[in-house]
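Notebook open, model loaded. I want to look up a few strands, helices and cores and jot down what turns up.

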Amino acid sequence: MLVRCSSNLIVGGGPVGIVAALLLIRSGVDVVVFERYASMLAAPKAHLISPRSLEILTTAGIPVERLEALAPPRTANTKAWYVNSLAGRAFGWRPYEPGTERGQFAERLNIAQPLLENALREHLEAIKPGTLRTEHRWIRSLTDDEGVLSEIHGPDGSYHLRSSYLIAADGAGSGIRESLGIRMQGPPPPDARATIHFEADLRDLVGGRQGMLYFVGNERTEGTLLAYDPASTWAYLCAPLTPETAERDAVDIIRAAIGADRPFEIKGISSWTVAAEVAERYADRRTFLVGDAAHRFPPTGGLGLNTGLGDADNLAWKISAVLHGWAAPGLLDTYDSERRPVGEQNRDQSLANLVDLMQVYPAMIAYDEHRDDELLQRKIDRQLAAVNTIGLQLGYRYGGGKEITVLTHEPTAEVGDHVPAVPLAIGSGIRSIIDRKGFSLLVAPGAGARWASALARSPLAPRVVEVELAFEEDSWWNALLGLIDDGAVLVRPDAHILGRYASPSESPQVITAIAGLPQTEPAR
(Lines give C-alpha, C1' and ligand atoms only; values in the text may rest on other atoms or scores of the structure.)
Protein backbone atom coordinates (compact mmCIF):
# COMPACT_ATOMS: atom_id res chain seq x y z
CA MET A 1 0.00 0.00 0.00
CA LEU A 2 1.27 3.47 -0.92
CA VAL A 3 2.89 5.41 1.94
CA ARG A 4 2.81 9.22 1.93
CA CYS A 5 4.39 11.66 4.39
CA SER A 6 3.41 14.80 6.27
CA SER A 7 4.81 16.50 9.36
CA ASN A 8 1.38 16.45 11.01
CA LEU A 9 -1.94 14.80 10.38
CA ILE A 10 -5.14 16.38 11.67
CA VAL A 11 -8.27 14.24 11.54
CA GLY A 12 -11.40 16.41 11.55
CA GLY A 13 -12.16 19.46 9.41
CA GLY A 14 -14.31 21.39 11.87
CA PRO A 15 -13.33 24.76 13.34
CA VAL A 16 -10.86 23.34 15.89
CA GLY A 17 -9.07 21.16 13.35
CA ILE A 18 -8.84 23.97 10.79
CA VAL A 19 -7.58 26.49 13.35
CA ALA A 20 -4.93 24.01 14.54
CA ALA A 21 -3.82 23.66 10.91
CA LEU A 22 -3.71 27.43 10.35
CA LEU A 23 -1.64 27.99 13.49
CA LEU A 24 0.83 25.27 12.51
CA ILE A 25 1.16 26.61 8.98
CA ARG A 26 1.85 30.12 10.29
CA SER A 27 4.59 28.58 12.42
CA GLY A 28 6.17 26.99 9.35
CA VAL A 29 4.96 23.44 9.96
CA ASP A 30 3.66 21.14 7.23
CA VAL A 31 0.18 19.73 7.88
CA VAL A 32 -2.67 17.91 6.17
CA VAL A 33 -6.30 17.81 7.36
CA PHE A 34 -8.61 14.90 6.61
CA GLU A 35 -12.39 15.27 6.84
CA ARG A 36 -14.63 12.26 6.30
CA TYR A 37 -17.63 14.19 4.97
CA ALA A 38 -17.87 15.77 1.53
CA SER A 39 -19.58 18.96 2.68
CA MET A 40 -19.67 21.19 5.72
CA LEU A 41 -22.14 21.11 8.56
CA ALA A 42 -25.40 22.63 7.30
CA ALA A 43 -27.25 23.23 10.56
CA PRO A 44 -26.06 25.92 12.96
CA LYS A 45 -24.48 24.46 16.07
CA ALA A 46 -21.92 26.37 18.14
CA HIS A 47 -22.30 30.12 17.81
CA LEU A 48 -20.72 32.07 20.68
CA ILE A 49 -17.12 33.08 19.97
CA SER A 50 -15.40 34.45 23.07
CA PRO A 51 -12.93 37.35 23.11
CA ARG A 52 -10.06 34.90 23.70
CA SER A 53 -11.19 32.79 20.75
CA LEU A 54 -11.38 35.87 18.53
CA GLU A 55 -7.80 36.59 19.50
CA ILE A 56 -6.79 33.03 18.56
CA LEU A 57 -8.62 33.31 15.24
CA THR A 58 -6.78 36.56 14.54
CA THR A 59 -3.50 34.79 15.26
CA ALA A 60 -4.54 32.11 12.79
CA GLY A 61 -4.92 34.83 10.15
CA ILE A 62 -8.69 35.45 10.25
CA PRO A 63 -9.45 39.17 10.68
CA VAL A 64 -12.13 39.88 13.27
CA GLU A 65 -13.66 42.36 10.82
CA ARG A 66 -14.35 39.54 8.35
CA LEU A 67 -16.25 37.54 10.95
CA GLU A 68 -18.16 40.59 12.13
CA ALA A 69 -19.38 41.13 8.58
CA LEU A 70 -20.89 37.62 8.60
CA ALA A 71 -22.61 37.98 11.98
CA PRO A 72 -25.64 39.96 13.16
CA PRO A 73 -24.76 43.25 14.88
CA ARG A 74 -23.46 42.80 18.42
CA THR A 75 -26.10 45.24 19.65
CA ALA A 76 -28.77 42.67 18.76
CA ASN A 77 -27.22 39.99 20.99
CA THR A 78 -26.79 41.50 24.42
CA LYS A 79 -29.58 39.70 26.30
CA ALA A 80 -30.98 36.28 27.13
CA TRP A 81 -34.75 36.27 27.58
CA TYR A 82 -37.08 34.03 29.60
CA VAL A 83 -40.48 33.81 27.86
CA ASN A 84 -43.53 31.61 27.46
CA SER A 85 -43.08 32.09 23.70
CA LEU A 86 -41.23 34.47 21.42
CA ALA A 87 -44.40 36.51 20.90
CA GLY A 88 -45.81 35.96 24.37
CA ARG A 89 -45.09 36.96 27.94
CA ALA A 90 -41.53 37.87 28.94
CA PHE A 91 -40.75 36.83 32.50
CA GLY A 92 -37.35 38.53 32.58
CA TRP A 93 -33.94 38.75 30.96
CA ARG A 94 -30.27 38.55 31.84
CA PRO A 95 -27.41 40.50 30.18
CA TYR A 96 -25.26 38.45 27.84
CA GLU A 97 -21.61 39.37 28.54
CA PRO A 98 -22.17 43.08 27.92
CA GLY A 99 -19.35 45.36 26.85
CA THR A 100 -15.62 44.95 26.57
CA GLU A 101 -13.83 44.53 29.88
CA ARG A 102 -10.35 45.78 30.60
CA GLY A 103 -7.71 43.45 29.19
CA GLN A 104 -10.10 41.94 26.66
CA PHE A 105 -9.17 41.69 22.98
CA ALA A 106 -12.71 42.27 21.66
CA GLU A 107 -16.33 41.67 22.50
CA ARG A 108 -17.70 38.20 21.94
CA LEU A 109 -19.33 37.40 18.59
CA ASN A 110 -22.52 35.49 17.74
CA ILE A 111 -21.86 33.68 14.45
CA ALA A 112 -23.44 30.43 13.25
CA GLN A 113 -20.90 27.62 13.01
CA PRO A 114 -21.39 26.98 9.25
CA LEU A 115 -20.46 30.61 8.53
CA LEU A 116 -17.37 30.34 10.72
CA GLU A 117 -16.35 27.03 9.16
CA ASN A 118 -16.72 28.43 5.66
CA ALA A 119 -14.53 31.44 6.49
CA LEU A 120 -11.87 29.19 8.02
CA ARG A 121 -11.86 26.77 5.11
CA GLU A 122 -11.68 29.54 2.55
CA HIS A 123 -8.70 31.04 4.35
CA LEU A 124 -6.92 27.69 4.60
CA GLU A 125 -7.43 27.03 0.91
CA ALA A 126 -6.17 30.52 0.05
CA ILE A 127 -2.91 30.22 1.99
CA LYS A 128 -2.18 26.54 1.30
CA PRO A 129 -4.38 24.91 -1.33
CA GLY A 130 -5.08 21.21 -0.90
CA THR A 131 -4.38 21.10 2.85
CA LEU A 132 -7.98 20.12 3.61
CA ARG A 133 -9.01 16.86 1.98
CA THR A 134 -12.65 15.90 2.24
CA GLU A 135 -14.04 12.37 1.91
CA HIS A 136 -10.92 11.01 3.60
CA ARG A 137 -11.62 8.68 6.49
CA TRP A 138 -9.12 7.70 9.16
CA ILE A 139 -9.11 3.91 9.70
CA ARG A 140 -6.35 3.14 12.20
CA SER A 141 -2.84 4.18 13.29
CA LEU A 142 0.36 2.63 14.56
CA THR A 143 2.85 4.68 16.58
CA ASP A 144 6.58 4.12 16.95
CA ASP A 145 9.52 6.22 18.15
CA GLU A 146 9.77 7.96 14.79
CA GLY A 147 6.16 8.92 14.16
CA VAL A 148 2.63 7.75 13.41
CA LEU A 149 1.58 5.55 10.49
CA SER A 150 -2.12 6.03 9.70
CA GLU A 151 -4.31 4.12 7.30
CA ILE A 152 -6.57 6.45 5.34
CA HIS A 153 -9.43 5.65 2.99
CA GLY A 154 -10.04 8.29 0.33
CA PRO A 155 -12.05 8.60 -2.89
CA ASP A 156 -9.33 6.73 -4.79
CA GLY A 157 -8.90 3.94 -2.28
CA SER A 158 -6.79 3.30 0.80
CA TYR A 159 -3.24 4.34 1.53
CA HIS A 160 -0.90 4.92 4.47
CA LEU A 161 0.34 8.31 5.65
CA ARG A 162 3.32 8.77 7.95
CA SER A 163 3.35 11.85 10.16
CA SER A 164 5.35 13.11 13.10
CA TYR A 165 2.17 13.69 15.11
CA LEU A 166 -1.54 12.93 14.90
CA ILE A 167 -4.11 15.45 16.12
CA ALA A 168 -7.55 14.02 16.80
CA ALA A 169 -10.14 16.72 16.08
CA ASP A 170 -12.70 14.11 15.07
CA GLY A 171 -15.48 15.10 17.43
CA ALA A 172 -17.37 13.76 20.41
CA GLY A 173 -17.52 10.22 19.05
CA SER A 174 -13.79 10.26 18.27
CA GLY A 175 -12.69 7.00 16.68
CA ILE A 176 -9.08 7.88 17.42
CA ARG A 177 -9.81 8.32 21.12
CA GLU A 178 -11.65 5.01 21.24
CA SER A 179 -8.81 3.21 19.43
CA LEU A 180 -6.42 4.39 22.15
CA GLY A 181 -8.69 3.15 24.94
CA ILE A 182 -9.01 6.64 26.44
CA ARG A 183 -12.11 6.88 28.59
CA MET A 184 -14.32 9.91 29.11
CA GLN A 185 -14.88 10.97 32.71
CA GLY A 186 -17.84 12.79 34.18
CA PRO A 187 -21.33 12.31 35.61
CA PRO A 188 -23.92 10.22 33.72
CA PRO A 189 -25.56 12.06 30.83
CA PRO A 190 -28.48 13.98 32.35
CA ASP A 191 -30.65 14.22 29.27
CA ALA A 192 -31.24 13.49 25.61
CA ARG A 193 -32.11 16.46 23.44
CA ALA A 194 -33.12 17.42 19.91
CA THR A 195 -32.22 20.41 17.78
CA ILE A 196 -34.74 21.73 15.26
CA HIS A 197 -33.09 23.94 12.68
CA PHE A 198 -35.56 26.25 10.96
CA GLU A 199 -35.60 29.35 8.82
CA ALA A 200 -37.94 32.26 9.46
CA ASP A 201 -37.99 36.03 9.53
CA LEU A 202 -39.08 36.79 13.08
CA ARG A 203 -37.72 40.28 13.45
CA ASP A 204 -41.15 41.77 14.03
CA LEU A 205 -41.75 39.41 16.97
CA VAL A 206 -38.34 40.09 18.48
CA GLY A 207 -39.01 43.82 18.43
CA GLY A 208 -37.71 45.36 21.63
CA ARG A 209 -36.65 41.95 22.95
CA GLN A 210 -33.56 41.56 20.85
CA GLY A 211 -31.33 38.83 22.18
CA MET A 212 -29.14 35.84 21.49
CA LEU A 213 -31.13 33.27 23.45
CA TYR A 214 -34.79 32.84 24.37
CA PHE A 215 -35.53 30.26 27.06
CA VAL A 216 -39.10 29.10 26.36
CA GLY A 217 -41.49 27.43 28.82
CA ASN A 218 -45.16 26.73 28.08
CA GLU A 219 -47.59 23.82 28.30
CA ARG A 220 -46.58 22.47 24.89
CA THR A 221 -42.80 22.80 25.02
CA GLU A 222 -39.78 23.85 27.00
CA GLY A 223 -36.48 24.61 25.36
CA THR A 224 -34.10 27.24 24.03
CA LEU A 225 -34.48 29.35 20.91
CA LEU A 226 -31.14 30.41 19.42
CA ALA A 227 -31.29 33.53 17.27
CA TYR A 228 -28.34 33.04 14.93
CA ASP A 229 -29.92 35.66 12.66
CA PRO A 230 -33.46 36.87 13.54
CA ALA A 231 -34.11 37.57 9.86
CA SER A 232 -33.41 34.02 8.71
CA THR A 233 -31.67 31.45 10.88
CA TRP A 234 -32.96 29.88 14.10
CA ALA A 235 -32.57 26.70 16.08
CA TYR A 236 -34.64 25.27 18.91
CA LEU A 237 -33.16 22.92 21.50
CA CYS A 238 -35.80 20.79 23.17
CA ALA A 239 -36.74 17.34 24.44
CA PRO A 240 -36.12 14.43 22.02
CA LEU A 241 -38.71 13.75 19.34
CA THR A 242 -40.29 10.40 18.52
CA PRO A 243 -38.72 9.29 15.20
CA GLU A 244 -42.04 8.21 13.66
CA THR A 245 -43.69 11.58 14.23
CA ALA A 246 -40.66 13.87 14.43
CA GLU A 247 -41.45 16.04 11.42
CA ARG A 248 -45.06 16.65 12.41
CA ASP A 249 -44.14 17.22 16.06
CA ALA A 250 -41.36 19.63 15.10
CA VAL A 251 -43.82 21.88 13.25
CA ASP A 252 -46.17 21.88 16.25
CA ILE A 253 -43.34 22.60 18.69
CA ILE A 254 -41.91 25.49 16.68
CA ARG A 255 -45.37 27.06 16.42
CA ALA A 256 -45.71 26.84 20.20
CA ALA A 257 -42.22 28.29 20.74
CA ILE A 258 -42.87 31.19 18.34
CA GLY A 259 -46.33 31.82 19.77
CA ALA A 260 -47.67 33.56 16.66
CA ASP A 261 -48.74 32.66 13.14
CA ARG A 262 -45.58 33.16 11.12
CA PRO A 263 -44.25 31.16 8.15
CA PHE A 264 -41.19 29.01 8.79
CA GLU A 265 -39.39 26.13 7.15
CA ILE A 266 -37.92 23.18 9.01
CA LYS A 267 -34.42 22.59 7.61
CA GLY A 268 -33.35 19.68 9.77
CA ILE A 269 -33.83 17.74 12.99
CA SER A 270 -30.96 16.17 14.91
CA SER A 271 -30.76 14.19 18.14
CA TRP A 272 -27.93 14.39 20.64
CA THR A 273 -27.09 13.60 24.23
CA VAL A 274 -26.22 16.21 26.80
CA ALA A 275 -22.85 15.17 28.20
CA ALA A 276 -20.41 16.59 30.72
CA GLU A 277 -17.23 14.61 30.12
CA VAL A 278 -13.50 15.13 29.85
CA ALA A 279 -11.00 12.58 28.55
CA GLU A 280 -8.90 10.91 31.23
CA ARG A 281 -5.86 12.02 29.28
CA TYR A 282 -5.40 14.32 26.30
CA ALA A 283 -2.37 12.60 24.79
CA ASP A 284 -1.06 9.15 23.99
CA ARG A 285 2.56 9.18 22.82
CA ARG A 286 2.39 11.10 19.53
CA THR A 287 -1.41 11.47 19.36
CA PHE A 288 -3.28 14.44 20.88
CA LEU A 289 -6.98 15.03 21.47
CA VAL A 290 -8.44 18.49 20.84
CA GLY A 291 -11.94 19.96 20.92
CA ASP A 292 -14.91 17.64 21.34
CA ALA A 293 -12.63 14.61 21.09
CA ALA A 294 -11.17 15.72 24.43
CA HIS A 295 -14.23 17.17 26.17
CA ARG A 296 -18.02 17.40 25.85
CA PHE A 297 -20.02 20.05 27.68
CA PRO A 298 -23.69 20.99 27.96
CA PRO A 299 -24.26 24.07 25.78
CA THR A 300 -25.14 26.22 28.81
CA GLY A 301 -22.35 28.76 28.98
CA GLY A 302 -21.04 28.55 25.42
CA LEU A 303 -17.77 26.91 26.49
CA GLY A 304 -17.43 23.97 24.10
CA LEU A 305 -16.00 25.41 20.88
CA ASN A 306 -14.08 28.11 22.75
CA THR A 307 -12.32 25.52 24.91
CA GLY A 308 -11.43 23.58 21.77
CA LEU A 309 -9.85 26.63 20.14
CA GLY A 310 -7.78 27.09 23.31
CA ASP A 311 -6.62 23.48 22.94
CA ALA A 312 -5.47 24.14 19.39
CA ASP A 313 -3.59 27.29 20.42
CA ASN A 314 -1.76 25.54 23.25
CA LEU A 315 -0.80 22.49 21.21
CA ALA A 316 0.22 24.15 17.94
CA TRP A 317 3.17 26.17 19.27
CA LYS A 318 4.51 23.20 21.20
CA ILE A 319 4.47 20.92 18.18
CA SER A 320 6.13 23.69 16.17
CA ALA A 321 8.80 24.13 18.86
CA VAL A 322 9.65 20.43 18.79
CA LEU A 323 9.67 20.10 15.01
CA HIS A 324 11.82 23.23 14.60
CA GLY A 325 14.28 21.84 17.13
CA TRP A 326 14.23 24.49 19.86
CA ALA A 327 12.40 22.28 22.36
CA ALA A 328 12.48 18.58 23.09
CA PRO A 329 9.44 16.30 22.70
CA GLY A 330 8.99 16.40 26.48
CA LEU A 331 7.45 19.86 26.03
CA LEU A 332 4.39 18.16 24.58
CA ASP A 333 3.70 16.51 27.96
CA THR A 334 2.58 19.93 29.19
CA TYR A 335 -0.35 19.94 26.76
CA ASP A 336 -2.29 17.54 28.97
CA SER A 337 -1.23 19.11 32.25
CA GLU A 338 -2.23 22.61 31.09
CA ARG A 339 -5.38 22.00 29.08
CA ARG A 340 -7.12 19.16 30.93
CA PRO A 341 -7.71 21.23 34.11
CA VAL A 342 -9.29 23.93 31.92
CA GLY A 343 -11.55 21.31 30.37
CA GLU A 344 -12.57 19.94 33.77
CA GLN A 345 -13.34 23.39 35.12
CA ASN A 346 -15.45 24.28 32.09
CA ARG A 347 -17.26 20.93 32.22
CA ASP A 348 -18.26 21.47 35.84
CA GLN A 349 -19.50 25.01 35.25
CA SER A 350 -21.49 24.04 32.15
CA LEU A 351 -23.20 21.26 34.09
CA ALA A 352 -23.97 23.56 37.04
CA ASN A 353 -25.51 26.04 34.60
CA LEU A 354 -27.70 23.32 33.13
CA VAL A 355 -28.94 22.19 36.53
CA ASP A 356 -29.97 25.76 37.36
CA LEU A 357 -31.69 26.19 34.00
CA MET A 358 -33.75 23.02 34.45
CA GLN A 359 -35.37 24.64 37.49
CA VAL A 360 -36.56 27.67 35.51
CA TYR A 361 -38.59 25.86 32.84
CA PRO A 362 -41.14 24.31 35.26
CA ALA A 363 -41.49 27.66 37.03
CA MET A 364 -42.32 29.41 33.73
CA ILE A 365 -44.81 26.73 32.74
CA ALA A 366 -46.64 26.85 36.09
CA TYR A 367 -46.42 30.62 36.43
CA ASP A 368 -49.23 32.43 38.25
CA GLU A 369 -48.87 36.21 38.09
CA HIS A 370 -50.71 36.62 41.39
CA ARG A 371 -48.36 34.28 43.23
CA ASP A 372 -45.08 33.52 41.47
CA ASP A 373 -43.45 36.83 40.45
CA GLU A 374 -40.85 36.87 43.20
CA LEU A 375 -40.15 33.12 43.07
CA LEU A 376 -39.61 33.06 39.32
CA GLN A 377 -37.46 36.18 39.39
CA ARG A 378 -35.14 34.57 41.95
CA LYS A 379 -34.74 31.57 39.69
CA ILE A 380 -33.99 33.80 36.70
CA ASP A 381 -31.49 35.80 38.73
CA ARG A 382 -29.53 32.60 39.34
CA GLN A 383 -29.08 32.16 35.60
CA LEU A 384 -26.37 34.75 35.14
CA ALA A 385 -23.57 32.16 34.87
CA ALA A 386 -25.53 30.33 32.17
CA VAL A 387 -25.03 33.28 29.84
CA ASN A 388 -21.94 34.96 31.32
CA THR A 389 -18.71 32.98 31.61
CA ILE A 390 -16.21 35.70 30.74
CA GLY A 391 -14.11 34.93 33.83
CA LEU A 392 -13.66 31.30 32.78
CA GLN A 393 -12.89 32.19 29.20
CA LEU A 394 -10.29 34.85 29.94
CA GLY A 395 -9.05 34.16 33.45
CA TYR A 396 -7.53 30.67 33.46
CA ARG A 397 -3.91 30.41 34.53
CA TYR A 398 -1.66 27.55 33.47
CA GLY A 399 -0.15 25.98 36.54
CA GLY A 400 -3.14 26.84 38.74
CA GLY A 401 -2.99 28.94 41.89
CA LYS A 402 -5.68 31.38 40.79
CA GLU A 403 -9.27 31.54 41.95
CA ILE A 404 -11.51 32.09 38.94
CA THR A 405 -14.54 34.37 39.09
CA VAL A 406 -17.01 33.10 36.51
CA LEU A 407 -19.00 36.26 35.86
CA THR A 408 -16.28 38.89 35.66
CA HIS A 409 -12.68 39.19 34.57
CA GLU A 410 -10.06 41.30 36.29
CA PRO A 411 -6.79 41.08 34.34
CA THR A 412 -3.76 39.64 36.12
CA ALA A 413 -0.23 39.21 34.83
CA GLU A 414 1.40 36.48 36.87
CA VAL A 415 3.34 33.50 35.51
CA GLY A 416 0.88 31.26 33.67
CA ASP A 417 -1.57 34.07 32.89
CA HIS A 418 -2.41 35.15 29.38
CA VAL A 419 -1.01 38.62 28.70
CA PRO A 420 -3.97 41.03 28.99
CA ALA A 421 -4.94 42.58 25.69
CA VAL A 422 -4.38 46.27 25.14
CA PRO A 423 -4.18 48.56 22.08
CA LEU A 424 -0.53 48.99 21.12
CA ALA A 425 1.04 51.60 18.91
CA ILE A 426 2.41 48.90 16.59
CA GLY A 427 -0.74 46.83 16.20
CA SER A 428 -4.24 46.02 17.38
CA GLY A 429 -3.62 43.87 20.44
CA ILE A 430 -0.91 41.82 22.07
CA ARG A 431 -0.92 39.15 19.37
CA SER A 432 0.73 41.52 16.92
CA ILE A 433 3.98 41.42 18.88
CA ILE A 434 4.11 37.75 19.93
CA ASP A 435 6.61 35.55 18.10
CA ARG A 436 4.84 32.34 17.07
CA LYS A 437 8.22 30.68 16.44
CA GLY A 438 9.82 31.48 19.76
CA PHE A 439 9.65 33.49 22.96
CA SER A 440 9.15 37.23 23.19
CA LEU A 441 10.60 39.49 25.88
CA LEU A 442 8.35 42.53 26.23
CA VAL A 443 10.08 45.65 27.52
CA ALA A 444 9.26 49.34 27.83
CA PRO A 445 10.37 51.81 25.15
CA GLY A 446 14.05 52.60 25.57
CA ALA A 447 14.90 49.40 27.46
CA GLY A 448 15.32 47.15 24.42
CA ALA A 449 19.02 47.80 23.78
CA ARG A 450 19.99 47.10 27.39
CA TRP A 451 18.11 43.82 27.47
CA ALA A 452 19.38 42.75 24.04
CA SER A 453 22.96 43.43 25.16
CA ALA A 454 22.49 41.40 28.36
CA LEU A 455 21.10 38.45 26.40
CA ALA A 456 23.43 38.69 23.41
CA ARG A 457 25.64 35.70 24.22
CA SER A 458 22.88 33.16 24.83
CA PRO A 459 21.65 30.88 22.03
CA LEU A 460 18.31 30.69 23.88
CA ALA A 461 17.75 34.45 23.92
CA PRO A 462 14.17 35.49 23.13
CA ARG A 463 13.21 38.20 20.70
CA VAL A 464 13.26 41.54 22.55
CA VAL A 465 10.28 43.75 21.73
CA GLU A 466 9.81 47.34 22.91
CA VAL A 467 6.09 47.93 23.34
CA GLU A 468 4.43 51.30 23.20
CA LEU A 469 0.82 51.88 24.19
CA ALA A 470 -1.53 53.44 21.68
CA PHE A 471 -3.44 55.39 24.34
CA GLU A 472 -2.21 57.10 27.48
CA GLU A 473 -5.25 55.90 29.45
CA ASP A 474 -3.98 52.34 29.14
CA SER A 475 -0.99 53.01 31.40
CA TRP A 476 -2.50 50.49 33.86
CA TRP A 477 -1.15 47.84 31.49
CA ASN A 478 2.49 48.88 32.04
CA ALA A 479 2.04 48.85 35.78
CA LEU A 480 0.28 45.47 35.77
CA LEU A 481 3.02 43.82 33.72
CA GLY A 482 5.87 45.70 35.36
CA LEU A 483 6.97 47.29 32.07
CA ILE A 484 8.32 50.35 33.83
CA ASP A 485 11.94 51.47 33.48
CA ASP A 486 13.86 48.23 32.77
CA GLY A 487 11.12 45.75 33.71
CA ALA A 488 10.39 42.89 31.28
CA VAL A 489 7.93 40.04 30.74
CA LEU A 490 8.86 36.77 29.03
CA VAL A 491 5.97 35.51 26.90
CA ARG A 492 5.38 32.15 25.23
CA PRO A 493 4.21 31.88 21.61
CA ASP A 494 0.62 31.46 22.86
CA ALA A 495 0.84 34.76 24.80
CA HIS A 496 1.00 33.15 28.25
CA ILE A 497 3.58 34.54 30.66
CA LEU A 498 6.66 32.45 31.44
CA GLY A 499 8.50 34.96 33.66
CA ARG A 500 8.70 38.55 34.97
CA TYR A 501 11.93 40.47 35.58
CA ALA A 502 12.93 43.81 37.08
CA SER A 503 16.08 44.63 35.11
CA PRO A 504 18.65 43.27 32.60
CA SER A 505 20.71 42.03 35.56
CA GLU A 506 18.16 39.20 35.71
CA SER A 507 18.92 38.04 32.19
CA PRO A 508 20.32 34.71 33.51
CA GLN A 509 16.86 34.00 34.99
CA VAL A 510 15.31 34.62 31.56
CA ILE A 511 17.57 31.99 30.05
CA THR A 512 16.92 29.66 32.96
CA ALA A 513 13.16 29.96 32.42
CA ILE A 514 13.49 29.03 28.76
CA ALA A 515 16.02 26.29 29.49
CA GLY A 516 13.64 24.93 32.12
CA LEU A 517 11.45 23.70 29.31
CA PRO A 518 12.58 20.44 27.69
CA GLN A 519 15.53 21.34 25.49
CA THR A 520 18.29 20.19 23.20
CA GLU A 521 16.91 16.91 21.87
CA PRO A 522 16.81 17.19 18.07
CA ALA A 523 13.47 17.31 16.32
CA ARG A 524 12.36 14.34 14.28
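Which residue in β17 is the bridge partner of Gln-185? I looked it up, and the partner is Val-278.

Ground rules before I go on. This is a predicted model, where local features need pLDDT of at least 70, side-chain atom pairs count only at pLDDT 80 or more, and totals for chains, interfaces and linings use all residues. Residues are numbered from 1 along each chain as its sequence is written, and side-chain values use heavy atoms, with hydrogens and water left out.

Entry 1, the sheet. I find three strands in an open antiparallel sheet, ordered β11-β17-β20. Helices (H or I, at least four residues) and strands (E, at least two) are DSSP runs numbered from the N terminus, and two strands pair if DSSP finds at least two bridges between them. β11 (184-185) and β20 (295-296) are the edges; each has a single partner strand, so one side of each has no neighbour in the sheet. β11 pairs with β17 (residues 277-279) over two bridges, in the antiparallel sense. I also see helix α9 (residues 333-358) lying across β11 and β17, at about 170° to β17. Axes are lines fitted to C-alpha atoms, for helices over the stretch in contact, and angles run from 0 to 180 degrees between N-to-C directions.

I checked α14 (residues 448-455) against α16 (residues 507-515): they pack at about 65°, axes 9 Å apart. In α14, Trp-451, Ala-454 and Leu-455 meet Ser-507, Val-510 and Ile-511 of α16; contact means heavy atoms within 4.5 Å.

A nonpolar core is a set of buried Ala, Val, Leu, Ile, Met, Phe, Trp, Tyr and Cys residues joined through side-chain atoms within 4.5 Å. Buried is under 20% relative accessible area, exposed over 50%, partly exposed in between (1.4 Å probe, protein chains only). The largest core has 71 residues, and Ile-10, Val-19, Leu-54, Leu-57 and Leu-67 touch the most other members. Helix α1 (residues 15-26) gives the most to this core, nine residues. I followed Leu-57: leaving aside neighbours within four places in sequence, its contacts are Val-19, Ile-49, Ile-62, Leu-67, Leu-116 and Leu-120. Another core, of 24 residues, lies apart from the largest one and includes Ala-200 and Tyr-236.

Is Gly-401 buried or exposed? Gly-401 counts as exposed, at 79% relative accessibility. I place Gly-401 in the loop between α13 (390-395) and β21 (440-443).
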